[in-house]
Amino acid sequence: MIPRILSAGVLATLTTAALAAHEPRDENAPPEPTYKVECAEGATSATQCKVDKETYVGWREYKANCQVCHGGGGMGSTFAPNLQERFNKEGVDWPRFYYVIEHGYTGQMGAMPPWDKNKRVMKMRANLYRYLKARADGKLPLGRPGRMK
Ligand code: HEC
């Protein structure tokens, strides 16, 4: 009996730790947006690629609103993180992205202010995610992508 109680306790601790790595998040976020990217073989610039309209708009809005801190293509700067790493190593997924854009995020690197007063950025959350997810998945090189018809 005692070992069973103990293992339940360990399990609960592990579960809490695993969840904490992905917080904060909005469990009521809409379904995860998807992107389409087609690149020429061995493409080294996004100009050799075509993306769907939503992802293209995401690139444009990223450049207008986020690049000043997060650098070209989300590669990071001295004061804001590389977003590919946040997606791939820190477990930033769609429900978390959806949440942190609205509420902002403070971590070890600094503070990102909330975007809730910026109607345009709030409306563009899905498109921003499409672009950044394509970058994080290694599907889209740096630069201005072409647009699918
Ligand atoms: C004023 C500078 C600034 C701007 C502009 C900015 N960010 Fe950030 N962002 C930050 C900083 C700083 C952090 C990291 C805080 C930390 O972890 O210490 C961050 C973190 C993030 C994270 C990771 C949060 C997490 O959960 O780890 C995401 C995703 C993000 N930003 C997306 C965006 C998007 C999309 C835009 C454009 C709409 C944007 N940021 C614009 C400064 C900025």
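Arg-144 sits in the loop between H7 and strand E5 (146-147). Helices (H or I, at least four residues) and strands (E, at least two) are DSSP runs, numbered from the N terminus. This is a predicted model: local features need pLDDT of at least 70, side-chain atom pairs count only at pLDDT 80 or more, and totals for chains, interfaces and linings use all residues. Residues are numbered from 1 along each chain as its sequence is written, and side-chain values use heavy atoms, with hydrogens and water left out.

Which residues does Arg-144 contact, leaving aside its neighbours within four places in sequence? They are Ala-46, Thr-47, Tyr-56 and Trp-59. Contact means heavy atoms within 4.5 Å. Lys-63 is 81 residues from Arg-144 along the chain, yet their C-alpha atoms are separated by 9.8 Å.

## H2 against H7

Helix H2 (residues 53-65) packs on H7 at about 95°, with axes 7 Å apart. Axes are lines fitted to C-alpha atoms, for helices over the stretch in contact, and angles run from 0 to 180 degrees between N-to-C directions. H2 and H7 are therefore roughly perpendicular (under 35 degrees is roughly parallel, over 145 roughly antiparallel, 65 to 115 roughly perpendicular, the rest oblique).

From H2, the contact includes Trp-59 and Tyr-62; from H7, it includes Leu-128 and Tyr-131.

## H5 against H7

Helix H5 (residues 94-103) meets helix H7 (residues 125-136) at about 125°, with axes 10 Å apart. The pair is therefore oblique. Trp-94, Phe-97, Tyr-98, Ile-101 and Glu-102 of H5 touch Arg-125, Ala-126, Leu-128, Tyr-129 and Leu-132 of H7.

## The iron site

Which protein residues are donors to the iron atom of the ligand? His-70 (NE2) and Met-112 (SD) are, at 2.0 to 2.2 Å from the iron. Donors are N, O and S atoms within 2.8 Å of the metal (3.2 Å for Na, K and Ca); water is not among the atoms, so sites may look incomplete. His-70 lies in helix H3 (residues 67-70) and Met-112 in strand E4 (residues 111-112), 42 residues apart.
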